[in-house]
Amino acid sequence: MESFLLQQPEILLEVLRFSLRAFLWIIPGILVVNMLIEIGLLQKLVAPVGWFFRRFANLPPEIASAFLASFGSSYAGGSMLVNFKNRGLLNDRQVLLSSITFSIPFHIRELFSYYIPISFSILGLTLGGMYIAVHTITIIVKFFFVIAAGRLTLPAKDNNESYRQAEAEKPFPKDWVSVFRKSTRECFRTVKRMAVSIPLAALIIYELSALGVFQLLPVQAESLGLPSCSTACLITYMANSLMGLTAIAACFQGAELTLIEAIKTMLWASILAAPVFLIRFSGTYYFGVYGPKLGLKIGLISSGLNIFVYAVCLAAVSLF
């Protein structure tokens, strides 16, 4: 308990740093998008991407700007979706499906910053290639899920045409001061809830981590049909994916795991760690940006699709 109390200043400092990093992306992003909406340039700037989403997933073209913004930060993209929802451009289902498309920019960022430079160096060419391939498949599955769900559950012509017509009929602002003032009001409307939810979600996650909650899950590799040395790999991966990959590579290179066993261990580690990562890392994003109800739906669907792909790959590998 004394050790836990001593960690509190450090935890509060980490929450502050995390929140500042998030809002450094969120506030400018929302403000700029609102200004572009007010002067009527948003649709023109993102027309090609917007056409694709509307044509194949029945999603409003406005999400294109959030999709492109998410290449820089998922927080920026997510906050834009919430801003569009507040303005009446998106409903909850459209926000849900749109948010899942952010897996594509996130994967591309991670591909060059994490998967390629780190996975190959730790796991080697074969295991590293398998690791990247599995994560790439999850993105492809999510992409087609959005298209299928959009075509099945959303009308071919989105239900926001009347709103956009009303927007088009508005008189053009006389000066940039008017544009900035209205954009700032809309920005504040979106950010004021996040100013509470994002730091609160981060605080809860950091406190649980300090209490060691994420390291208490019992795992026995033998019950999963894996060698005993895989136990340490699974537990380590659930605590830290980089350390987990290092443990798998060490067992594989030390001949304690065959190639198939190493791949199975890697897939089981991904399955077991998915709920932990959802709570520990994604909780601050989904709950903080989208709110508890919608954030929980988005997080569960995204994590569920990941687990589905891992399970299918595991079943396929088990045939060998």
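This is a predicted model: local features need pLDDT of at least 70, side-chain atom pairs count only at pLDDT 80 or more; totals for chains, interfaces and linings use all residues.
Trainee: What accessible area do the residues of the nonpolar patch have together?

Mentor: The patch lies on the surface and is formed by Leu68, Phe71, Ile108, Phe112 and Ile116. Taken together, these residues have an accessible area of about 440 Å².

Trainee: Is isoleucine 108 buried, partly exposed or exposed?

Mentor: Isoleucine 108 is found in helix α8. Buried means under 20% relative accessible area and exposed means over 50%. Because its relative accessibility is 36%, isoleucine 108 counts as partly exposed.

Trainee: Where does asparagine 58 lie, and is it buried or exposed?

Mentor: Asparagine 58 lies in the loop between α4 (47-57) and α5 (63-69). Asparagine 58 has a positive phi of about 60 degrees, although it is not a glycine. Most residues other than glycine have a negative phi. With 8% relative accessibility, under the 20% limit, asparagine 58 counts as buried.

Trainee: How far does helix α12 reach from its first C-alpha to its last?

Mentor: Helix α12 covers residues 241-253, which makes 13 residues. At 1.5 Å a residue, the expected reach is 18 Å, and the helix comes close to this. Its reach is 18 Å.

Trainee: Which residue with a positive phi follows α12?

Mentor: Within α12, Gly244, Leu245, Ala247, Ile248, Ala249 and Cys251 are buried. After the helix comes a residue whose phi is positive, near 65 degrees. That residue is alanine 255.

Terms used
Residues are numbered from 1 along each chain as its sequence is written. Side-chain values use heavy atoms; hydrogens and water are left out. Helices (H or I, at least four residues) and strands (E, at least two) are DSSP runs, numbered from the N terminus. The expected span of a helix is 1.5 Å times one less than its number of residues. Buried means under 20% relative accessible area, exposed over 50%, partly exposed in between (1.4 Å probe, protein chains only). Patches are made of residues with over 30% relative accessible area and no salt bridge: like charges are joined within 9 Å, nonpolar side chains (Val, Leu, Ile, Met, Phe, Trp, Tyr) within 5 Å. Accessible areas come from the Shrake-Rupley method with a 1.4 Å probe; for residues, only the protein chains shown count as cover. A salt bridge is a side-chain nitrogen of Lys or Arg within 4 Å of a carboxyl oxygen of Asp or Glu.
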